[in-house]
Amino acid sequence: MERPRPCPRRSSASAERERSLHVWTRTLLSWSTAVLSVLILSGCGEEKKPYAWQLPPDFPEPFVPEDNPMSEEKVKLGRFLFYDTRLSINDTMSCASCHEQKRAFSDGKATPTGATGHHVARNSPGLANVAYLATYTWANPVLDTLEKQALVPLLGERPLELGMGMHLEEVLQRLRDDARYPTLFREAFPDDEQPITQDNVVKALASFQRTMLSSHSPYDRYLRGEVSALSASAKRGMELFFGERAECYHCHSGPHMTNSFRSKDTKIPEWEFQNTGLYNVDGLGGYPGDNTGLYEFTGLQRDMGRFRVPPLNNVALTAPYMHDGSIATLEEVLDFYMAGGRDVTSGPHMGDGRASPLKNAFVRPFELNAEERADLIAFLESFTDMDFVNDPKFSNPFEE
């Protein structure tokens with residue numbers, strides 16, 4: 001058997017080159033490891049902390065879409081955008097034009113008018129605790145996030161509200177040219193090379209609105225054990241509200257007196273749309289053609305005139321009422337429900353809603369004496385949270 005040949009001896013020069021290469025390789029590996037460690041540590045150090053919700057007692061954490069996590073920077077930016085008329089086509093209207101803080105973010109009008117004068121068919125709802133709704137606007141089952149909802153007034157053309165979409169680049173350029181916004185957008189969206197975009201406007205607005213939490217009304221305090229927070233009249237009204245005579249609670253239930261609810265831990269969002277017998281233009285339960293409610297989306301006759309049940313937070317501040325603002329006061333709302341619907345005796349919408357075959361069965365006539373009426377109104381007024389409507393966190397930042 002042939003013996004293995006010995007390895008050839010390396011010259012001293014070759015040995016030195018190999019030794020140098022070995023040292024250089026070790027140095028490179030050490031340097032790479034160090035750089036990688038720094039990058040990892042830096043990434044950990046820059047990892048954003050979870051948003052610190054300032055939630056009232058017994059309020060669950062709101063649902064937030066995964067692609068728009070909450071941050072203080074987004075909320076700050078969204079507050080400025082909410083009050084900025086430059087989001088509208090002609091620099092005349094902002095979100096706050098239809099959602100005034102002193103009115104619990106409603107506007108006191110039957111229905112609003114858009115930036116160019118277009119009539120908007122539905123009443124501007126209040127925004128207290130809007131973070132917990134399962135659907136948005138009065139009768140759209142598709143709009144299940146505040147981000148989706150924001151697109152309606154910003155981009156919608158029929159009716160045109162703000163009209164941002166018709167001059168999108170012009171509107172965005174207004175923001176880019178402002179001394180404040182480039183920094184605010186960069187802080188809110190630090191990973192975006194060009195952060196001033198339509199998508200980020202929407203995300204910031206939604207983030208700000210999620211912070212509009214109302215929890216200091218007399219009724220809220222009563223639920224937390226402050227028995228004296230409600231007057232004797234309001235307590236009697238509460239018995240009527242949750243009793244089988246008025247039966248308000250069948251639709252106005254849950255944490256915010258609406259059957260529309262969603263939080264972070266909600267498995268199946270709760271929502272319903274109801275017909276209350278406000279109209280019956282054809283004897284079959286029909287509603288005015290430009291305001292048919294859920295029927296607009298489903299085409300099902302049973303959905304004619306069905307609208308989302310509004311929350312009752314600050315309801316005394318959000319008049320007028322109903323989806324079209326056609327009832328002026330809480331007293332008139334009470335008259336409407338006591339009658340079991342509305343009989344429109346003249347005009348283009350004439351018809352007896354009381355006889356509608358499509359209205360909710362719980363909307364039926366009932367009687368209250370004068371004291372009971374006053375008690376029920378007193379209970380509804382106990383939902384008013386003056387801390388909310390005066391909270392500087394939600395006020396116009398341009399006036400500070």
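Over the ring of which residue does the charged end of Arg-342 sit? In this predicted model, the charged end of Arg-342 lies over the ring of Tyr-279, 4.8 Å from its centre. A further contact of this kind involves Lys-393, whose charged end sits over the ring of Phe-394 at 5.2 Å from the ring centre.

**Aromatic pairs**

The whole structure contains 22 aromatic pairs. Such a pair is described by the distance of the ring centres and the angle of the planes. Two of the pairs are set out below.

| Pair | Centre to centre | Angle between planes | Class |
|---|---|---|---|
| Tyr-287 and Phe-307 | 6.1 Å | 40 degrees | tilted |
| Phe-388 and Phe-394 | 5.5 Å | 55 degrees | tilted |

Tyr-287 and Phe-307 are both buried.

Phe-388 and Phe-394 are likewise buried. Ring pairs also connect them with Phe-82, Tyr-83, Phe-105 and Phe-208 in a cluster.

**The second largest pocket**

The second largest pocket has a volume of about 580 Å³. Its lining comprises 26 residues, with Lys-49, Tyr-51, Pro-69, Met-70 and Ser-71 nearest the centre. Helices α2 (72–82) and α6 (198–210) are the elements that supply two or more lining residues; α2 contributes the most, with 3.

Definitions and conventions
Residues numbered from 1 in each chain as written. Predicted model: local features only at pLDDT ≥ 70, side-chain atom pairs only at ≥ 80, totals over all residues. Heavy atoms only, no water. 1 Å grid on protein atoms, 1.4 Å probe; cavity = no way out; pocket = protein on both sides within 12 Å on 5 of 7 lines; lining within 4 Å. Points joined across faces, edges and corners; volume = space filled by probe spheres on them. Helix = DSSP H or I, 4+ residues; strand = E, 2+ residues; numbered from the N terminus. Phe/Tyr/Trp six-rings, centres within 6.5 Å; stacked < 30°, edge-to-face > 60°. Buried < 20%, exposed > 50% of the residue type's maximum accessible area, 1.4 Å probe, protein only. Lys NZ or Arg CZ within 6 Å of the ring centre and 35° of its normal.
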